[in-house]
Amino acid sequence: MKEKIELNSEAINLRKKFGEDSNSPIDIFSLIHNNDDLTIVFYPMSSRISGVCIRDRENKIVGINSNSTYGRQRFTIAHELYHLYFHEDFKSIVCFTDLEMKKDPQEKEADMFASFFLAPYEALSYFIKNKLGKERYELNIEDVVKIEQNFGISRQAMLWRLVNDGYLSYEITETMKTGIIASARRLGYDDELYTPTSEDKKYATFGKYIKLAEELKNKDAISQGKYEEILLNGFRSDIVYGSILDEEEVYD
């Protein structure tokens with residue numbers, strides 16, 4: 001298994017490849033939506049599964065469990081990026097939610113890479129020491145909320161990382177695994193990071209799949225009916241029939 005320093009370096013290099021620096025919080029959804037070679041599917045899955053990754057010669061597909069929280073979805077996408085960019089020999093992979101379960105080395109690497117991609121080692125260290133004014137084993141629940149809010153990481157993924165980097169003991173984290181939303185609200189934060197995708201958006205496809213359908217229609221390679229069928233199969237009825245939000249949009 002790769003060392004943490006190597007995985008952190010790979011995460012920083014991929015951030016730079018996407019035009020991001022090595023310190024700032026990252027908008028990972030914006031990055032993947034701007035990747036012309038990737039299809040992202042949001043779909044409600046079992047609570048044991050965080051996502052899936054499928055790759056062949058022409059397609060890269062990432063499936064995200066829309067039942068998981070927004071923070072965990074961000075982590076899952078970063079995890080799948082590791083498979084796509086650094087894991088050569090695979091066609092499909094199912095990724096599990098529990099970060100503490102026994103996994104094969106490449107899954108462990110992908111988890112650690114995802115954490116470093118969202119919060120590089122030096123960026124996390126700087127935030128804790130300079131923004132919070134804390135040292136190792138001094139963090140409390142308020143500090144944890146501030147860290148996960150800054151980097152956009154779910155509670156499980158954040159506690160797992162802080163234990164791995166030696167900032168918290170495993171015993172202390174046991175007291176921080178409940179009351180998650182309440183702990184954020186008490187500090188004035190929105191609870192979006194800790195909640196799943198809304199019911200009306202649990203099924204959706206973005207990226208290459210939609211663009212290819214549009215290209216085929218514009219080239220008259222498929223009929224209007226086939227075009228709509230493809231979009232509906234990709235859970236994009238909003239494109240076929242329009243969205244109620246279309247009537248409410250404001251140019252400002």
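## Asparagine 35

Asparagine 35 sits in the loop that links α2 (28-33) to β1 (39-43). The model here is a predicted one. Is asparagine 35 buried or exposed? Its relative accessibility is 15%, so asparagine 35 counts as buried. The cut-off for buried is under 20%.

Which residues does asparagine 35 touch, leaving aside neighbours within four places in sequence? They are Phe18 and Tyr85. With tyrosine 85 there is also a polar contact. It joins the two side chains at 3.2 Å.

## The whole chain

The protein chain has 252 residues, and 45% of them count as buried. Its secondary structure comprises 12 helices and five strands. The C-alpha atoms fill a box of roughly 65 × 45 × 35 Å along the principal axes. The radius of gyration is 20 Å. A compact globule with 252 residues would have one near 18 Å, so the chain agrees with that.

Contacts across the sequence are well represented. Take the contacts with a separation of 6 or more: residues 24 or more positions apart account for 65% of them. The chain exposes about 13,700 Å². Carbon and sulfur atoms supply 50% of that area. Among the side chains, 33 are positive and 44 are negative. The centres of these two sets lie 4 Å apart.

## Helix α6 and its ends

Helix α6 spans 141-151. Which of its residues are buried? They are Asp143, Val144, Val145, Ile147, Glu148 and Phe151. An α-helix has 3.6 residues a turn, so residues three or four places apart point the same way. In α6, Val144, Ile147 and Phe151 are among the buried residues.

What covers the buried residues of α6? The cover includes the helices α3 (70-86), α4 (105-118), α5, α7 (155-164) and α9 (180-185).

Both ends of α6 have a feature to look at. After α6 comes glycine 152, with a positive phi near 70 degrees.

## Two positive phi values

Most residues other than glycine have a negative phi. Tyrosine 137 has a positive one, near 65 degrees. Tyrosine 137 lies in the loop between α5 (121-131) and α6 (141-151). Its relative accessible area is 57%, so tyrosine 137 is exposed.

Phenylalanine 235 also has a positive phi, near 60 degrees. Where is phenylalanine 235 found? Its place is the loop between α11 (224-233) and α12 (237-241). How accessible is phenylalanine 235? At 31% relative accessibility, phenylalanine 235 counts as partly exposed.

## Aspartate 200

Aspartate 200 belongs to the loop between α9 and β5 (204-207). Is aspartate 200 buried or exposed? It has a relative accessible area of 64%, so aspartate 200 is exposed. The cut-off for exposed is over 50%.

Which side chain is joined to aspartate 200 by a polar contact? It is that of serine 198, at 2.6 Å. Alanine 157 is 43 residues away from aspartate 200 along the chain. The C-alpha atoms of alanine 157 and aspartate 200 are separated by 26 Å.

Conventions: Residues are numbered from 1 along each chain as its sequence is written. This is a predicted model: local features need pLDDT of at least 70, side-chain atom pairs count only at pLDDT 80 or more; totals for chains, interfaces and linings use all residues. Side-chain values use heavy atoms; hydrogens and water are left out. Helices (H or I, at least four residues) and strands (E, at least two) are DSSP runs, numbered from the N terminus. The radius of gyration is taken over C-alpha atoms; the globule rule is 2.2 Å times the number of residues to the power 0.38. Buried means under 20% relative accessible area, exposed over 50%, partly exposed in between (1.4 Å probe, protein chains only). Contact means heavy atoms within 4.5 Å. Accessible areas come from the Shrake-Rupley method with a 1.4 Å probe; for residues, only the protein chains shown count as cover. Lys and Arg count as positive and Asp and Glu as negative; His and the chain ends are not counted. The place of a charge is taken as NZ of Lys, CZ of Arg, CG of Asp or CD of Glu. A polar contact is a pair of N or O atoms within 3.5 Å; within protein, one must be able to donate a hydrogen and the other to accept it, and residues adjacent in sequence count only if both atoms are side-chain atoms.
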